[in-house]
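Subject: Structure handover

Hello,

Here is the structure I said I would pass on. Please open it beside this message and follow along; my notes are below.

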Amino acid sequence: MAGSFITISVEDAAARAMLNKLGQMDTAPLMRRLGERIQAWTQDRFDANQQQAPDGTPWAKLNPKYAQNKPRHLQNRKLTLSGHLRKSIRWQLLDSQSVLVGTNVKYAAIHQFGGTIRPKKGKALAFGGRFVQSVTIPARPYLGISEQDNKEIREIIKDWVLEQQGD
């Protein structure tokens, strides 16, 4: 093999037996456990005291014109009006080794990645009490794994592996 690489050999018979056993196990229960946790962490980002991307970056402030038209108790809350986006976050087992966490809400991507919304057929958008031709929405990433999430995922996996050793 050209390039750089690393080779790892396990010489311990007990360790090899454990790795073989784990390789044959159904990891779907582990994936379900991870899906539930990642869904919860994602939904927690919508809480008023978080409001930040997985990397810790605070979500962009609301446009003042938009914020003033929100109900008073929601004026400082980003990505929250009805709570539909937060409630739509779900996990789905793809197979015994994969879990998907996300939403099928149509407007979810514009909030995750940002972008400009333009109405179809030349109509205007109602925004902040006036009509405009476009609205630019900044990215406010809510999907992803934070450093803390990553540490907890490793702990969940470690605990699951140790549980399997007890069988």
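**Helix 6**

Helix 6 is made of 19 residues, and its first and last C-alpha atoms lie 27 Å apart, close to the 27 Å expected at 1.5 Å a residue. That expected span is 1.5 Å times one less than the number of residues in the helix. Helices (H or I, at least four residues) and strands (E, at least two) are DSSP runs, numbered from the N terminus.

Before going on, note that this is a predicted model, in which local features need pLDDT of at least 70 and side-chain atom pairs count only at pLDDT 80 or more, while totals for chains, interfaces and linings use all residues. Residues are numbered from 1 along each chain as its sequence is written, and side-chain values use heavy atoms, with hydrogens and water left out.

Which residues of helix 6 are buried? They are D149, I153, I156, W160 and Q164. These residues lie on the same side of helix 6, because they cover an arc of only 70° around the axis. The arc is taken from the directions from the helix axis to the C-beta atoms. An α-helix has 3.6 residues a turn, so residues three or four places apart point the same way. On the face turned away from the buried side, helix 6 carries the exposed residues E147, K151, R154 and L162. Here, buried means under 20% relative accessible area, exposed means over 50%, and partly exposed is in between (1.4 Å probe, protein chains only).

D149 belongs to helix 6, which covers residues 147-165. D149 counts as buried because its relative accessibility is 6%. Apart from neighbours within four places in sequence, D149 is in contact (heavy atoms within 4.5 Å) with W41, R45 and G144.

S88 is in helix 4, residues 84-88. With 13% relative accessibility, S88 counts as buried. Its contacts, leaving aside neighbours within four places in sequence, are G102, T103 and V105. The side chains of S88 and T103 are joined by a polar contact of 2.6 Å. A polar contact is a pair of N or O atoms within 3.5 Å; within protein, one must be able to donate a hydrogen and the other to accept it, and residues adjacent in sequence count only if both atoms are side-chain atoms. S88 and Q39 are 49 residues apart along the chain, and their C-alpha atoms are separated by 9.9 Å.

G102, a contact of S88, is also the bridge partner of R90 in strand 2. Strand 1 (residues 90-95) pairs with strand 2 (residues 98-102) in the antiparallel sense over 5 bridges; two strands pair if DSSP finds at least two bridges between them. Q92 has L100 as its bridge partner in strand 2. A hairpin of 2 residues joins strand 1 to strand 2.

**Q51**

Where is Q51? Q51 is in the loop between helix 2 (28-44) and helix 3 (64-69). Q51 has a positive phi of about 50°, although it is not a glycine. Q51 is buried, with a relative accessible area of 5%.

**The whole chain**

The chain has 6 helices and 6 strands, in the order α-α-α-α-β-β-α-β-β-β-β-α along the sequence. Of its 167 residues, 30% count as buried. Among contacts in the chain with a separation of 6 or more, 61% are between residues 24 or more positions apart.

Regards
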